[in-house]
Amino acid sequence: MASLTKSIFLEATELCPVIPEIKNKEWLNYLEESESELVYILFGDICTIADIVDHVKKLGKRAIVHVDLIVGLSPKEISVDFIKKYTQADGIISMKSPLIKRARELGLFTVQRFYMMDGFTYANIERHVKSSNPDVVEFMPAGLSKVMRYLAETIHKPIVASGLSQDKEDIMGALSAGAVAVATSNRELWNC
């Protein structure tokens, strides 16, 4: 399988705009139900992450690891080196610009995640995106379609919405606001 690139990511989200977020070992068993080629891994530790990624890869899916959530990894660039060296992950998700920069240096696909908590966060997104240059930008929660629409016009990166997706209406709202995909841990929404 070729390295995950922005164009491959966009093709995959065009075919299936819902990205399953796996948050525990049991949920790995449900991945076969999803049509998505992409999977966000939101759990694990330094002893299990390689096996989790292998499981996802054996299903023919692309594994994108939320490096900030892997127990035992520090919020330092060396954690990205660990993911690259000891797993077959296609990419990482992180809220930390230095980790995104390091992943890009190592040739990993990058998703920079932002929690839209307040105006301060909103005001700093453009600066962070310019600094770290992620492949994709992700905003949480997914229901912020008006804010997403403004940011889509400003940052010029593919946008993934995630967090608090309750139904297909939330997914459609995010997609109509400019998101290319919606990542969700709500298994009822995993089918495209």
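Leaving aside neighbours within four places in sequence, Ser-79 is in contact with Val-67, Leu-73 and Ser-74, where contact means heavy atoms within 4.5 Å. The structure is a predicted model, in which local features need pLDDT of at least 70 and side-chain atom pairs count only at pLDDT 80 or more, while totals for chains, interfaces and linings use all residues. Residues are numbered from 1 along each chain as its sequence is written, and side-chain values use heavy atoms, with hydrogens and water left out.

Ser-79 is found in helix H3. Helices (H or I, at least four residues) and strands (E, at least two) are DSSP runs, numbered from the N terminus. With a relative accessible area of 2%, Ser-79 is buried; buried means under 20% relative accessible area, exposed over 50%, and partly exposed in between, with a 1.4 Å probe and protein chains only. A polar atom of the Ser-79 side chain lies 2.6 Å from the backbone oxygen of Ser-74. A polar contact is a pair of N or O atoms within 3.5 Å; within protein, one must be able to donate a hydrogen and the other to accept it, and residues adjacent in sequence count only if both atoms are side-chain atoms.

Leu-73 is found in the loop between strand S3 (62–66) and helix H3 (77–86). This residue, Leu-73, is also buried, at a relative accessible area of 17%. Apart from neighbours within four places in sequence, the residues in contact with Leu-73 are Ile-46, Val-67, Ser-79, Phe-82 and Ile-83. Between Leu-73 and Asn-24 there are 49 residues in sequence and 17 Å in space, C-alpha to C-alpha.

Rings of Phe, Tyr and Trp (its six-membered ring) pair if their centres lie within 6.5 Å; planes under 30 degrees apart count as stacked, over 60 as edge-to-face and the rest as tilted. By this rule the count comes to 2 aromatic pairs. In the stacked pair, Phe-9 and Phe-109 lie 5.0 Å centre to centre, with 25° between the planes. This pair links distant parts of the chain, with Phe-9 in helix H1 and Phe-109 in strand S5 (residues 109–115), 100 residues apart. Both Phe-9 and Phe-109 are buried. Phe-82 and Tyr-86 form a tilted pair, 5.1 Å centre to centre and with 40° between the planes. Phe-82 and Tyr-86 are separated by about one helical turn, because they are 4 residues apart in helix H3. Phe-82 counts as partly exposed at 22% relative accessibility, and Tyr-86 is partly exposed with a relative accessible area of 48%.

In helix H1 (residues 6–15), the residues Ile-8, Phe-9, Ala-12 and Thr-13 are buried. Seen down the axis of H1, its buried residues fall within an arc of 130°, so they line one face of the helix; the arc is that of the directions from the helix axis to the C-beta atoms. On the other side of H1, Glu-11, Glu-14 and Leu-15 are exposed. An α-helix has 3.6 residues a turn, so residues three or four places apart point the same way.

Arg-62 has its place in strand S3 and counts as buried, at 4% relative accessibility. The side chain of Arg-62 reaches the backbone oxygen of Ala-2 at 2.5 Å. With neighbours within four places in sequence left aside, the contacts of Arg-62 include Met-1, Ala-2, Ser-3, Leu-4 and Ile-8. Also in contact with Arg-62 are Glu-37, Leu-38, Val-39, Val-56 and Asp-90.

Strand S1 is mostly covered, with 5 of its 5 residues buried. Both faces of S1 are covered: Val-18, Pro-20 and Ile-22 are buried on one side, and Ile-19 and Glu-21 on the other. In a regular strand the side chains alternate between the two faces of the sheet. S1 is joined by 3 bridges to strand S8 (residues 181–184), and the two run parallel; two strands pair if DSSP finds at least two bridges between them. Ile-19 stands opposite Ala-183 in S8. A further 2 bridges join S1 to S2, and these strands run parallel. Here Ile-22 stands opposite Ile-41 in S2.

Glu-35 lies in the loop between strand S1 (18–22) and strand S2 (38–41). Glu-35 is exposed, with a relative accessible area of 55%. Glu-35 and Gln-88 are 53 residues apart in sequence and 21 Å apart in space, C-alpha to C-alpha.
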